[in-house]
Amino acid sequence: MIAVLVLCSFYLTVESADLPQLPLVPYPQHVSLISSPPAVIDPLRFSFSTQSKSVLLQEVFDRYHKYLRLHDFEQKLNLTLKNLDVVIKDPNEELLLETSENYTLTVKTDSATLQADTVFGAMRGMETFSQLINTYNYTLPSVQITDYPRYKFRGFMVDTSRHYLSVSLLKQLVRAASWSKLNVFHWHIVDDPSFPYCSTSFPDLCVKGAFSPDHVYSQTDVLDVILFAYRHGVIVVPELDTPGHTLSWGGALPGFLTHCPGHGNIGSDYGPVNPTNEDVYPVLKTLFTEITSVFPGQFVHLGGDEVHYPCWKSNQDIKDWMSAHNMSGNYDELENYYETRLLNIVNSLNKNYIVWEEVFYHHVDITPQTIVHAWKPNWKKIFQDATTAGFRCILSAGWYISRISYGEDWQNFYQVDPRSFNDTATPEQLALVLGGTVCMWGEHVDNSNVLSRFWPRASAPAERLWSPAYITDVGFMEPRIEAHRCRMVYRGYPAEPTLSRGHCQVEYSWRRHR
Amino acid sequence: MLFVLFSILTVGAYGSFNILPVVPFPQEAEMFSTNRRSLNVEEFRITTDQGHLLEDKVISSTINRYQHYFSRFKPGPLSPDGDITQVSLSVVYPEASLFIGVNESYTLNIDPHSPIVKLSANTRFGVIRGLETFYQLYNITDGTFPSVKIRDYPRFAYRGFLIDTSRHFLPVESIEMVITGLAMAKFNVLHWHIVDDPSFPYYSPSFPSLSEKGAYDSNHVYRIFDVLRVISFAENHGIVVVPEFDTPGHTLSWGKGLENFLTYCPGQGTFGGDYGPINPSVDSNYEVLHKLLAEVTSLFPGGFVHLGGDEVPFKCWQSNQDLVAWMKQQGIQTFNDLESYYEEKLLDIVHQLNTSYVVWEEIFNNGLHIQPDTIIHVWKGKWEDTMGKVIKAGYKTILSSPWYLNYISFSMDWKKYYQVEPYKIPGATPEELSLVIGGEACMWGEFVDATNILSRTFPRASAVAERLWSSEKQTNIGDMEFRLNKHRCGMCARDIPAETILLRSYCPVEFDGYDW
């Protein structure tokens, strides 16, 4: 990691103007053009070959075959390239944050090879190969690309509580994310407004907490999404946010929430989890045991943000309990009490966990493996403090793509860099910055608009998280992000325009997909 | 016992079953009783005793449309058998054709005792409005209608929506979906800003080179058949298509297909290029305009054309020495006068074509000589002042300034659009106010295309639609929020991806138009 950082600082002198203008997003680490004529392919007959026995890889081949065959354009006759050969070094197909996504792609006039450490690296390389294809004339430039991500954690967050998103839509979001080489789906699955996750341990949670019986995720749905994500090299991280943001849990779990008429969440009589109720903890243990087995990834997100104290403050039983436990008036300590007990439960489940910055900031005793998730404007201080204390960090501040504004706002997201929190940060501190997560909170989005708001705006942070640190020139990104969005439209996704005038080769069609 | 339902009575009844979930809210509604009527999904038919009506294209396509919408419903839980089996239509003047100002009034009677709902209208276009109201009265969740009698008509004759197909092209099916959504909000004008600087997608039989050279490419062109398809589709939804050919500015894309048409001004032109507005000193340009506009006004049957005339930059004209010399020779002193010279020649041409026209406010602001029947389209700031001057001068006017829906923001901005009152013009007399014939929501094309135009337009445009259709007393935000949410869910259930207006909510039937 440190060696890579040294390399990066060496490259700071490289001007993006010197880089080949290829329609790639995110832009690869190393690109060198080869002085031989472009390759010409026949999209209908192009083949992918491999010695690998991987079924997963065959599915990737099928996917990219499909993209090649989406539109029937006139083909050139003087074909020069018929096949891409894919070599995978390590047959291990476990998907972890540490899994290598490195690949080397070589395209020449009459030959093309893709070498990757793992099948997931091959997925990244296949996407790059596909992005090199000029769909007007089916040519590819002769080029050698050596590529790997700058950050290991490249997330996107979707909120299915404020508005429900269909399973099909979640899968489309995951698929589009893989086109921008994102690798973590942070599923903010429940929150105050609704509880769409159908738990096997507590079936009433979705029966009473979902908007309606049609607005739920069954166990089959969840596994469907997880498997789909895995096939796209995407790890699913579920978030069960507590002790705040839990209003929707209350209907199924009497006594679980704090009763506080007039001081509750979104106009209700209930607030955060009642930490003084001993019955709460066995529920959490059962539920997190279930969650950590349903979601096979190495992480679970525990939330912990925005705990509103007025509800706790207004409840006499809680006040009495606090004075009996020598914490009268100290609600930070009450929150810590809850978090500590929750973390003890989760620690016993052998999962790493991610928490929103408040949990760190309030000095809860967190394990060294904890990832601190910063989301507030003062994230630089959180990163400084957390990395100094030896904790790993991910960034979402500056990447709330749910906050829309007029114009090319992707440029704002593009400027943010998780490692830019302190000019004098040590290499050890920088190495603890794992990456970041683009967040689409659900207040203003549902099936009707989430795809077009997500893409291609999320591709700007995606490039920041993958590409070399020195690639920051908006002018260099502008034609690429527009090409990228037209590619998404070409593949049938409603990715919205980024330029104030323009067109795509194939415009989005609603009826084509009916 | 009759309950008269004016908005004022529903204040505080937020979420109540008694608020009719209709947008735009009808002018008059009377509840017969609180008993609800159920729909007999199996037998339901829209029919008429006037047999010849069914042969009419507008009526038959409208009936098909609404029968299709209702056919998707399953019997409601409260109404397994259902007692409404029919909507019976009657039209007083079935021969009336579509124009801006055509009578759109209707009476809808959901009788508490009859299986037949009566919908009577003056014209076929009133039927379209009435069936939409009927659809919106239906509660998807329990399968029932209120027992209600509605008498309804628009407050303003001109209720427009602008699309811009030059900055980003919209495929015909995408325009049709916009029209479908507009009809759900009872809009009656589609202002088609068809060409502009970036591209010229309109295929002109008189000047094929305009789109050959000026369109983005040959797949981004509206051929005659496409234009007719849009016009016909719009007519079936009671919507007049008003094409805009904006000149003399905003014409960069024309220059590629017409020699010597634009003013040459190296480095001083549009987008920093070498060409600016139309060159008013070239006589043959007026022949081109005459021929093109004659073609356009015969193709678009609405009797209206929008001539643009906004944002003419003088920098290009100033830098062209030949033009400056010509001005001197003609005795034209200022560039404002030069613009007037151009506009007056253009308006003479259009007047000869016997068509009504709309122009952007600059034409009025700059004191040009215009025909008395010109409609002034106000789009800039301080619109109350501008409109005040326009109506004092005796011109008709439409409002767009506060309704640029392309400017998105992170908020529930529909409330802002909803709170606009077009009559709020200081010092205007009732006679003058009668010249305010309506307004128009604009969706300029900088950042929208087929991918996002529907979700950005709906239901935000419906807030404008209610202001233009409903009584001016209809202003309660809480009441509207409740109805607008139902309205947008009704759109989603009919495959229009209308976005959410509540921070947390769901629709009984979510939008499900993506199907990979």
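**Close-up views of a predicted two-chain model**

**View 1. The boundary between the two domains of chain A.** In this predicted model, domain 1 and domain 2 of chain A together bury about 1700 Å², and carbon and sulfur atoms account for 51% of that area. On the side of domain 1, A:Leu95, A:Leu97 and A:Arg124 supply 38% of the area buried against domain 2 of chain A, more than any other three residues. The domains span residues 30–147 (domain 1) and 153–475 (domain 2) of chain A. Their centres, taken over C-alpha atoms, are separated by 35 Å. Contact is made by 21 residues of domain 1 with 19 residues of domain 2 of chain A.

**View 2. Polar and charged pairs between the domains of chain A.** Two salt bridges are found across the interface of domain 1 and domain 2 of chain A. A:Arg231 and A:Glu59 meet through their side chains in a salt bridge, with an N to O distance of 3.0 Å. Between the two domains of chain A, 14 residue pairs are in polar contact, both residues being at pLDDT 80 or more. Helices α2 (55–68) and α3 (119–132) of chain A are the elements that give two or more residues to the side of domain 1 that touches domain 2. Of these, α2(A) gives the most, with seven residues. By class, this side of domain 1 of chain A has ten nonpolar, two polar and nine charged residues.

**View 3. The boundary between the two domains of chain B.** Chain B is assigned a domain 1 (28–152) and a domain 2 (158–481). The C-alpha centres of these domains of chain B lie 35 Å apart. Domain 1 of chain B brings 18 residues to the contact and domain 2 of chain B brings 19 residues. The buried area between them is about 1600 Å², with 53% from carbon and sulfur atoms. In domain 1 of chain B, the residues that lose the most area to domain 2 are B:Leu98, B:Ile100 and B:Arg129, together 41% of what that side buries.

**View 4. Polar and charged pairs between the domains of chain B.** The interface of domain 1 and domain 2 of chain B holds two salt bridges. In a salt bridge of 3.2 Å, N to O, the side chain of B:Glu235 meets that of B:Lys57. There are also 13 residue pairs in polar contact across this interface of chain B, both residues at pLDDT 80 or more. At least two residues each of the side of domain 1 that touches domain 2 come from α2 (57–71) and α3 (124–137) of chain B.

**View 5. The interface between chain A and chain B.** Between them, chain A and chain B bury about 4600 Å², 57% of it on carbon and sulfur atoms. The contact involves 51 residues from chain A and 49 residues from chain B. Four salt bridges are counted between the chains. B:Glu499 forms a salt bridge with A:Arg453, with the closest N and O atoms 3.2 Å apart.

**View 6. The surroundings of B:His377.** B:His377 lies in strand β15 (residues 375–378) of chain B. B:His377 counts as buried because its relative accessibility is 0%. Its side chain makes a polar contact of 3.0 Å with the side chain of B:His306. Leaving aside residues up to four places away in sequence, B:His377 touches several residues, including B:His191, B:Trp360, B:Glu361 and B:Glu440.

Methods: Residues numbered from 1 in each chain as written. Chains lettered and ligands numbered in written order. Predicted model: local features only at pLDDT ≥ 70, side-chain atom pairs only at ≥ 80, totals over all residues. Heavy atoms only, no water. Helix = DSSP H or I, 4+ residues; strand = E, 2+ residues; numbered from the N terminus. Buried < 20%, exposed > 50% of the residue type's maximum accessible area, 1.4 Å probe, protein only. Polar contact = N/O pair within 3.5 Å; in protein donor to acceptor, adjacent residues only side chain to side chain. Contact = heavy atoms within 4.5 Å. Buried area = accessible area lost by both parts, 1.4 Å probe. Domains from an automatic or database assignment. Nonpolar A, V, L, I, M, F, W, Y, C, P; charged D, E, K, R; others polar.
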